[in-house]
Amino acid sequence: MEDKKRNILLSENQIKERIEEIGAILTKDYENKNLYVLSLLRGSFIFAADLVRAIDTKTQVGFMTTSSYGHAEESSGKVNVVNDIPDNINGLDVLIVDDIIDTGITMNFVIEHVKSLGAKSIKTCTLLDKPSRRTVNGLKPDYCCFEIADLFVVGYGLNYGNYYRNIPYIFNWENN
């Protein structure tokens, strides 16, 4: 992949502007609520950090690590909990934050898990949504920064292998 040209899909500035917009919406929607932002690691850590800084209301943050990809470009379809939620979320308004929703299998799994822990409300927020890949019927993010086509993308937290998360924009590689 190193020798292929990068095709920038979303610039650093486009991402920043959209996160500010979503942050303003979340600030209104979660005013006077007990907001708990649950970041799904590792992919969402950059997005979640920028997002919580754009939310101007009292916010708790926690992390959960799941795995369904390993080092592949496609989900295995089986979700494993690597590190569970470290906090008691019973009675809290949970916003699950992920980098991308494609099949929806991971997000659906996490929603059900959060329900089982007694969250008062559950909503989802994703940087990217690939609805054309959805296999979980009816799953749609409550908040979404960008809808994209069925492309394998990296950067801004999304990885290939364990690399490229640090790139400040989102790209795919052009086919030659």
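Colleague: On what basis are residues numbered and features counted?
Modeller: Residues are numbered from 1 along each chain as its sequence is written. In this predicted model, local features need pLDDT of at least 70, side-chain atom pairs count only at pLDDT 80 or more, totals for chains, interfaces and linings use all residues, and side-chain values use heavy atoms, with hydrogens and water left out.

Colleague: In what order do the elements of the protein chain run from the N terminus on?
Modeller: Helices (H or I, at least four residues) and strands (E, at least two) are DSSP runs, numbered from the N terminus. The protein chain has 3 helices and 8 strands. Their order is β-α-β-α-β-β-β-α-β-β-β.

Colleague: Are Asp 129 and Arg 134 buried or exposed?
Modeller: These residues form a salt bridge, with the closest N and O atoms 2.5 Å apart; the term denotes a side-chain nitrogen of Lys or Arg within 4 Å of a carboxyl oxygen of Asp or Glu. Relative accessible area under 20% counts as buried, over 50% as exposed, and in between as partly exposed (1.4 Å probe, protein chains only). Both Asp 129 and Arg 134 are buried.

Colleague: Which residues are linked with Arg 133 in a network of salt bridges?
Modeller: Asp 150 forms a salt bridge with Arg 133, the closest N and O atoms lying 3.8 Å apart. This pair links distant parts of the chain, 17 residues apart. Asp 150 is partly exposed, at a relative accessible area of 47%. The residues linked with Arg 133 in the network are Lys 130 and Asp 150.
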